[in-house]
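This report goes through one protein model for a reader who has not seen it before.

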Amino acid sequence: MPPVVSAASVNAPSAGLVVGVDSGGSGLRIALAEAAAGGAVLDSRASREPVRTGPGGISARHFLDQVLPAVRALTEPHRGRPVVAAAVGAAGMATLGDELRAELPGAFAEAWGVRRIALAADAVTAYAGALGQQPGAVVAGGTGMIALGTDLVSWRRADGWGHLLGDCGSGAWIGRAGLEAAMRAHDGRRGGSAALLARAEKLFGPAAGLPGALYPRTDRPAVLASFAPEVGLCAAEDPVAADILARAARHIAEAAEAACPAGPEARVALTGGLFKMGDPLLVPLRAALGELVPQAGTVDPAGDPLAGAVALAAALATGTLRLPEDPALLRLFGEGAPGTASSAQVGGGASPRGEGGDRIPDAP
């Protein structure tokens, strides 16, 4: 495995092409871009086949079987121009990425001659795509929910613990709360919603059969999240649905508060399919953010996780990377470093702490 980059090698001038990869639950996306010129994308490829997982975690072989031919096709029109850096953002990288970290740097070096590589949690590429290299926090909301923030010295992570232990305010959380309100109406208990009951029965059949239809499902979070849009559609006229979204907004703002650094330069961005629900969720969420994170302005995300992977690769190639390295969230590999056991801090400051898992949810 190629060694971890030193600060000197990261900051060396570079030119040529860079590769960015976004790997998630819906498949792979690969982009070829200029190392300079702000990482301008030249072409891209996509695969709808998600990378498999096995006993060693995310399968490096299955990943490479998809990525290497795609990059070969992308670089064919640019013969003679080297790939000087690559960045991969992958769902599960922190907890299931050991095989990728062990094999990808060597495989990339052999295939393309590339020596500067960033392997990141998709939370990090989502951050880089949304906010670039400025301090702040990104909340990624879909089936699940996670907030990731940085002051450019270390990373802060909040929630993303799955639908049983957290993901508060997520699509699965909203859907479960909506279905609970439907079942309350079915029983005649307080707090029920006849409107949500009608929508639940239209989607899933008779309410009494819902537990049997839901509990055995291995994709239960996604099934729960599929009901979240129904809660949004009811919110304008149903106070129970509106209250569910208000509570979801509060949870999301609390995660942003926990992840966002202090300081007037911090920004908060919201990314993911959950926020396509629009005003029924965004209006109470903006109010909650204004109360809990008043120091940080809320901005629209500049780009998606693939754009973030390209930006990481371009910054690595040109020596402008400021986002902090982290043993779980962002590992840098490259030529000329003396060892492989530890990671060098990039961008100055104290060594960042590990923040555990990196689960970024898919959009409902």
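What share of the 364 residues in the protein is buried? Buried residues make up 54% of them. The model is a predicted one. The protein has 13 helices and 13 strands. Its accessible surface comes to about 15000 Å², and carbon and sulfur atoms hold 54% of that area.

Helix H7 covers residues 194–204. Leu196, Leu197 and Ala200 are buried in this helix. They lie on the same side of H7, because they cover an arc of only 105 degrees around the axis. An α-helix has 3.6 residues a turn, so residues three or four places apart point the same way. On the other side of H7, Ala194 and Lys202 are exposed.

What do the buried residues of H7 pack against? They pack against H6, helix H10 (228–234) and H11. After H7 comes Gly205, with a positive phi near 95 degrees.

Helix H11 spans residues 239–259 and includes Val240. With a relative accessible area of 22%, Val240 is partly exposed. Apart from neighbours within four places in sequence, Val240 is in contact with Ala181, Gly191, Gly192 and Ser193.

**Aromatic pairs**

The count of aromatic pairs comes to three. One of them joins Phe108 and Trp112, whose ring centres are 4.5 Å apart and whose planes are at 20 degrees, so this pair is stacked. Planes under 30 degrees apart count as stacked. Phe108 and Trp112 are both in helix H4 (residues 98–112), and because they are four residues apart, about one helical turn separates them. Phe108 is buried, at 1% relative accessibility, and Trp112 is buried as well, with a relative accessible area of 17%.

Another pair is formed by Phe204 and Phe227, with ring centres 6.3 Å apart and planes at 50 degrees, so the pair is tilted. This pair links distant parts of the chain, since its members are 23 residues apart: Phe204 is in helix H7, and Phe227 is in the loop between helix H9 (220–225) and H10. Is Phe204 buried, partly exposed or exposed? Phe204 counts as partly exposed because its relative accessibility is 26%. Phe227, in contrast, is buried, with a relative accessible area of 0%.

**Residues with positive phi**

| Residue | Phi |
|---|---|
| Leu152 | near 75 degrees |
| Asp159 | about 60 degrees |

Leu152 is in the loop between strand S9 (145–150) and S10. With a relative accessible area of 10%, Leu152 is buried. Asp159 is placed in strand S10. Why does Asp159 count as buried? Its relative accessibility is 12%, and buried means under 20%.

The loop between strand S10 (155–159) and helix H6 (171–187) holds Trp161. Trp161 counts as partly exposed, because its relative accessibility is 47%. Together with Leu164 and Leu165, Trp161 forms a nonpolar patch on the surface. The accessible area of these residues together is about 420 Å².

**Ser23 in strand S1**

Strand S1 (residues 17–24) contains Ser23. This residue is buried, with a relative accessible area of 6%. Which residues is Ser23 in contact with, leaving aside its neighbours within four places in sequence? They are Leu28, Val51, Phe63, Gly89, Ala90 and Ala91.

Key:
Residues are numbered from 1 along each chain as its sequence is written. This is a predicted model: local features need pLDDT of at least 70, side-chain atom pairs count only at pLDDT 80 or more; totals for chains, interfaces and linings use all residues. Side-chain values use heavy atoms; hydrogens and water are left out. Patches are made of residues with over 30% relative accessible area and no salt bridge: like charges are joined within 9 Å, nonpolar side chains (Val, Leu, Ile, Met, Phe, Trp, Tyr) within 5 Å. Accessible areas come from the Shrake-Rupley method with a 1.4 Å probe; for residues, only the protein chains shown count as cover. A salt bridge is a side-chain nitrogen of Lys or Arg within 4 Å of a carboxyl oxygen of Asp or Glu. Helices (H or I, at least four residues) and strands (E, at least two) are DSSP runs, numbered from the N terminus. Buried means under 20% relative accessible area, exposed over 50%, partly exposed in between (1.4 Å probe, protein chains only). Contact means heavy atoms within 4.5 Å. The arc is that of the directions from the helix axis to the C-beta atoms. Rings of Phe, Tyr and Trp (its six-membered ring) pair if their centres lie within 6.5 Å; planes under 30 degrees apart count as stacked, over 60 as edge-to-face and the rest as tilted.
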